[in-house]
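Hello,

Here is the structure for you to look through. My notes follow below it.

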Amino acid sequence: FATFPEKLVRRCLMSGCPEGGVVLDMFLGSGTTLKVARDMYLESIGIEIKEEYINLAVKRIGTSLFDSIEIYE
């Protein structure tokens, strides 16, 4: 996996998400996009197929990032 810079994510969200918008990250990975969205006070939804990446995101960013985690098998 490879994380990408928060600065890049912030630029994308500033240009493409309206104030009060919702950010959808369909490939959550390590959670960088959700972290930046929350830092910008934007609602966010992350989808990840691999439980190991969900655990990585929680470990890297903290459980406070996630209101709820639902795992479907």
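In general, it is a covalent bond between the sulfur atoms of two cysteines.

This is a predicted model, in which local features need pLDDT of at least 70, side-chain atom pairs count only at pLDDT 80 or more, and totals for chains, interfaces and linings use all residues. Residues are numbered from 1 along each chain as its sequence is written, and side-chain values use heavy atoms, with hydrogens and water left out.

C17 is buried, at 16% relative accessible area. C12 is partly exposed, at 46%. (Buried means under 20% relative accessible area, exposed over 50%, partly exposed in between, with a 1.4 Å probe and protein chains only.)

Next, helix α3, residues 51–61. (Helices are DSSP runs of H or I, at least four residues; strands are runs of E, at least two; both are numbered from the N terminus.) Its buried residues are I54, A57 and V58. They lie on the same side of α3, because they cover an arc of only 95° around the axis. The arc is taken from the directions from the helix axis to the C-beta atoms. An α-helix has 3.6 residues a turn, so residues three or four places apart point the same way. E52 and K59 are exposed on the other side of α3. G62 follows α3, with a positive phi near 110°.

Last, I47. This residue sits in the loop between β2 (43–46) and α3. I47 is partly exposed, at 44% relative accessible area.

Best wishes
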